[in-house]
2 protein chains.
Amino acid sequence: MSGPMTLGILGGGQLGRMTTLAAARLGIPVRLLSSDADGPADPFADATVADWTADTVLATFADGCDVVTVESEWAPADRLAALRPDLPIRPAPDALVLVRHKGRQRAAFDAAGLPQPPFAAPATLADARAAREALGGVVVAKQFEGSYDGYGNATCHSDADVDAAWDRLAGPDGLLLEAFVPFEAEAAVTVARRPGGETVVYPVVRSEHRDHRLHAAVVPAGVAPAVEAEARRVALAAVEAAGVVGVATVELFLTAVGGVDERPSVLVNEIAPRPHNTAHLTIEAHATSQFENHVRAVLDLPLGSPALRVPAAAMVNVLGTRNGPATPDLAGALSVAGASVHLYGKRDVRERRKMGHVTATGATADDARDVAERAADAIRWT
Amino acid sequence: MSGPMTLGILGGGQLGRMTTLAAARLGIPVRLLSSDADGPADPFADATVADWTADTVLATFADGCDVVTVESEWAPADRLAALRPDLPIRPAPDALVLVRHKGRQRAAFDAAGLPQPPFAAPATLADARAAREALGGVVVAKQFEGSYDGYGNATCHSDADVDAAWDRLAGPDGLLLEAFVPFEAEAAVTVARRPGGETVVYPVVRSEHRDHRLHAAVVPAGVAPAVEAEARRVALAAVEAAGVVGVATVELFLTAVGGVDERPSVLVNEIAPRPHNTAHLTIEAHATSQFENHVRAVLDLPLGSPALRVPAAAMVNVLGTRNGPATPDLAGALSVAGASVHLYGKRDVRERRKMGHVTATGATADDARDVAERAADAIRWT
């Protein structure tokens, strides 16, 4: 080798930022290409903001990279692959294209025999109405592409609901309907996978959403050992079924936290083929962070231990509470002993925009959660 | 405030690099000015390499900064202060100038009543010969300015040794002679101090040198509780005596690890008014890293907890083993489970040059040390 491998990242948001910080620690150079100058890439020397739908932009970016990864499944990995078939892109564009489409994701998990909510992918409104009945009467309708954090979703109890959802959410190939599954908790499992198939699986994280957006994550998840094991098994199988290389997080519904039910205790919700908000706490809490293992995996380097270094940890998101340019006042948050504050350097605050997060470690998940909540709550925008 | 405070750092080596990474996590912008393009500042957008003895260079750099700190006591903080008396420079140039001179450092610690080896600061060769006898016959001669890692030091057993040391090491105002003190162990304590005097003190680290250069550091130090307390007390008093703001590390000789001796158990060796190699393990092992607390202290933000997150940790340095441009092969080191590898991105390898370090955490200091040693030893330069 004539120098360290250079990692290209399509994306300049907080996931690219934290991945770049992890690579820097290892002495690995990173090039970033972003389509939006919103701030998280500002600290880095080799970050470009340009229209990444332009082939010349992609080709120029790729020239300096030994391997390219993406910050999101929506980055133009497929376009780059067409331009530069010789360049390793990880995860592979095929896997990203699969994951982008919630119907094809569900079909792939089904083919792999994974437990998931009963679903249908009707291509016509008539089929959608019939599917709601067949799925038990209450379904969640999801746009095939582009739905996230509750956007592009609708709960349907009637034909009228299905009609309205169809008008709003159906694409040319229809939409996804999932049986409404009562669950006791939501959880997430992060997996890192090398090109040759070597994997490591992180401990299960309990996640808590507010208004359809992740609010907090804690580890350990506080579930029965059999549920912990089943969640890890299912997550690993889902990552393998989707063919993702790098880090991926599988979001799960836990239908029986105690594991004493006859129903399956774990159902797959969806997969994110990239570092994920539920695993930000791995920076402080685990032997190897998700960002470092993402770098290792896509560069085909040995993976690091996913074990906890500490008994427990919690992460709480910091969302914007106003609109417009604003400066964080950190004094209150930094006064909370044991809180690790992360801000993403976004230039504009928007209400509910993810501006940062706080992690705390502790003897118990409750202790850590309390510290992280207090610090996150103390950040002010002035 | 119209935007986040920008922190200026005079220095672009590994300490500036790791401080910048810590600031980035907090969303704090950093400007770096370095006199030497050796690589560690490469990842960062706002890093300039220029002749920092030139006033125009310093003034241009300072224009974008709200507060300036230094990577080393040798950075031109005093020159910058003369140019920009309105700009906060932390630590203050007075403190840096004091620390640069080992004779004045010893005098300041003496005036504060701190335990340290008996010493003299002879201004003539005749006084130096007399001082050796008065100090017990065996002394360590040290250049007043510029000695480090064993460079600029000489052990003297005779007048002839003193004569040779004088020729080699004496400056216009003489040199420092310290009584040779047999010690059981070396240790270091890091302190963070805000402009108003608020401080936090990290747990004692046991340090181990090879060929006068730090090889490893472990925490806890494995000393008697009374020695731990005395080391923290002495270190805090030394930082206050030197008037340092920011993070500083006090290197100590432990003459009685078990604390059962009648001699003082702790003697001050010297102070480094900046982040220090013995505290690199705070990144993984402590609630707040030394780098983050340095950022907080010099920006006058609330300090973070210095408590350990884990039972024990160890750090082992990665030194160059050849000369010339070379690429690290990380595969072996990354295969050691639980090792956190840090490389500084230096472009040229030199024998014994600090190229990086490895930290491990564990149930005991010995466990962690074993992991860190194996990983550090496995890094290859190709």
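Student: Why are helix 1 of chain B and helix 10 of chain B called roughly perpendicular to each other?

Tutor: In this predicted model, helix 1 of chain B and helix 10 (residues 290-298) of chain B pack at an angle of about 75 degrees. Angles of 65 to 115 degrees count as roughly perpendicular, and therefore the two helices are given that description. Their axes are 8 Å apart.

Student: What makes the contact between helix 1 of chain B and helix 10 of chain B?

Tutor: Helix 1 of chain B contributes Met18(B), Thr19(B), Ala22(B) and Ala23(B). From helix 10 of chain B come Phe291(B), Glu292(B), His294(B) and Val295(B). By class, this contact has 5 nonpolar, 2 polar and 1 charged residues.

Student: Why is Arg322(B) counted as exposed?

Tutor: Arg322(B) has 11 C-beta neighbours inside 10 Å. A residue is exposed if that number is 12 or fewer, so Arg322(B) counts as exposed.

Student: Where is Arg322(B) placed, and which residues is Arg322(B) in contact with, leaving aside its neighbours within four places in sequence?

Tutor: Arg322(B) sits in the loop between strand 15 (312-319) and strand 16 (324-325) of chain B. With those sequence neighbours left aside, its contacts are Val349(B), Glu351(B) and Trp381(B). Arg352(B) is 30 residues from Arg322(B) in sequence, and their C-alpha atoms are 8.3 Å apart in space.

Student: What makes up the side of chain B that touches chain A?

Tutor: There, 37 residues of chain B are in contact with 37 residues of chain A. The elements of chain B giving two or more residues to this side are helix 1 (14-25), helix 11 (331-334), strand 18 (339-343) and strand 20 (354-362). By class, the side of chain B that touches chain A has 21 nonpolar, 12 polar and 4 charged residues.

Student: Which domains does the assignment give for chain A?

Tutor: The domain assignment gives domain 1 (7-89), domain 2 (118-179) and domain 3 (185-381). Taken over C-alpha atoms, the centres of domain 1 and domain 2 of chain A are separated by 35 Å.

Key: Residues are numbered from 1 along each chain as its sequence is written. Chains are lettered from A and ligands numbered from 1 in the order in which they are written. This is a predicted model: local features need pLDDT of at least 70, side-chain atom pairs count only at pLDDT 80 or more; totals for chains, interfaces and linings use all residues. Two residues are in contact if their C-beta atoms, placed from the backbone, lie within 7 Å. Helices (H or I, at least four residues) and strands (E, at least two) are DSSP runs, numbered from the N terminus. Ala, Val, Leu, Ile, Met, Phe, Trp, Tyr, Cys and Pro count as nonpolar, Asp, Glu, Lys and Arg as charged, and the others, Gly among them, as polar. Domain bounds come from an automatic or database domain assignment. A residue is buried if 20 or more other C-beta atoms lie within 10 Å of its own, exposed if 12 or fewer, and partly exposed in between; C-beta atoms are placed from the backbone. Axes are lines fitted to C-alpha atoms, for helices over the stretch in contact, and angles run from 0 to 180 degrees between N-to-C directions. Angles under 35 degrees count as roughly parallel, over 145 as roughly antiparallel, 65 to 115 as roughly perpendicular and the rest as oblique.
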